[in-house]
Amino acid sequence: MSTDVEAQNSEDVDEVDEVDEAESVDGSDGSDGRERASDPDGTDTPGTGSRWPRVVAATLVVVLLAAGGSLFAKGRQLRDTPATSNRALTDSGATTRVAGDVSNALGKVFSYSPQATAVTKESAKQLLAGKALQQYAALFGQVEKQAADQKLTLTTHVVRAGVTRLTGDSAHLLVFLDQVYEREGKPATTAAAQLSVTARLRDGHWTVVEITSR
């Protein structure tokens, strides 16, 4: 009887051992198979989860490069617009210089006295050019005779010269003048004038090339 019980117990132990070995082989040991397989060197096997950071990073680089190129192109277009190419809006030094040269020229060519018309005529040859000089030369003959006959003196002061557009060698200005007429033996008369002026840069100086009364 004792021998039969021991044999039965031995068989039961053998069956338990076989079940444990089977569970160890197929991974059904209570972990539900959730453990990840590892490489022999201990690193995780590359999978979808490990590739995502690299994919996202590469996508961001492409997007940033594309956005940068787009912004550069738009910035260049803005820099090349007529408004931004107008140095009158960005270069105060050049604007002051052209306004000074033009104001000086107009003050000289529109000021004369009966005894000094030759000086005014010579100044016009140096300070005017193109259409402005042609118009001035055609009219000054009459002015010179009138100044001599009526003892007329004209003094011109530039009140304000505003540069509306300035490029490398061309400038457009709006000029406001005060002119004082004096005839011998009569009170002086003051008149205001407004001119549109075009100037060109020649030999380091701004020369008036066109004058239009407004």
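Since the model is predicted, local features need pLDDT of at least 70 and side-chain atom pairs count only at pLDDT 80 or more, while totals for chains, interfaces and linings use all residues. Residues are numbered from 1 along each chain as its sequence is written, and side-chain values use heavy atoms, with hydrogens and water left out.

Helices (H or I, at least four residues) and strands (E, at least two) are DSSP runs, numbered from the N terminus. Two packed helices are described by the angle between their axes and the distance between the axes. For helix 4 (residues 92–109) and helix 5 (residues 117–127), the axes come within 9 Å and cross at roughly 150°. Here axes are lines fitted to C-alpha atoms, for helices over the stretch in contact, and angles run from 0 to 180 degrees between N-to-C directions. Helix 4 and helix 5 are therefore roughly antiparallel to each other (angles under 35 degrees count as roughly parallel, over 145 as roughly antiparallel, 65 to 115 as roughly perpendicular and the rest as oblique). The crossing of helix 4 and helix 5 is left-handed, meaning that the near helix is turned anticlockwise from the far one by less than a right angle; clockwise would be right-handed.

On the helix 4 side, Ala105, Lys108 and Val109 meet Thr120, Ser123, Ala124 and Leu127 of helix 5, with contact meaning heavy atoms within 4.5 Å. The residues of this contact split into 4 nonpolar, 2 polar and 1 charged (Ala, Val, Leu, Ile, Met, Phe, Trp, Tyr, Cys and Pro count as nonpolar, Asp, Glu, Lys and Arg as charged, and the others, Gly among them, as polar).

Next come the rings. The structure holds 3 aromatic pairs; rings of Phe, Tyr and Trp (its six-membered ring) pair if their centres lie within 6.5 Å, and planes under 30 degrees apart count as stacked, over 60 as edge-to-face and the rest as tilted. Phe110 and Tyr136 have ring centres 6.2 Å apart and planes at 55°, so this pair is tilted. The pair links distant parts of the chain, with Phe110 in the loop between helix 4 and helix 5 and Tyr136 in helix 6 (residues 130–150), 26 residues apart. Tyr136 also pairs with Phe140: the centres are 5.2 Å apart and the planes at 15°, so that pair is stacked. Tyr136 and Phe140 sit 4 residues apart in helix 6, which means about one helical turn between them. Tyr136 is buried at 11% relative accessibility, and Phe140 is buried at 4% (buried means under 20% relative accessible area, exposed over 50%, partly exposed in between, with a 1.4 Å probe and protein chains only). Ring pairs link Phe110, Tyr112, Tyr136 and Phe140 into a cluster.

Val208, in strand 4 (residues 205–213), is buried with a relative accessible area of 0%. Leaving out residues up to four places away in sequence, Val208 touches Val102, Ala105, Leu127, Leu128, Ala129, Ala132, Val197, Thr198 and Ala199. Val208 and Leu128 are 80 residues apart in sequence but 4.9 Å apart in space, C-alpha to C-alpha.

Finally, the backbone. Most residues other than glycine have a negative phi. Lys151, in the loop between helix 6 and strand 1 (152–166), has a positive phi near 55° and is partly exposed at 41% relative accessibility. Asp203 has a positive phi near 55°, lies in the loop between strand 3 (189–202) and strand 4, and is exposed at 78% relative accessibility.
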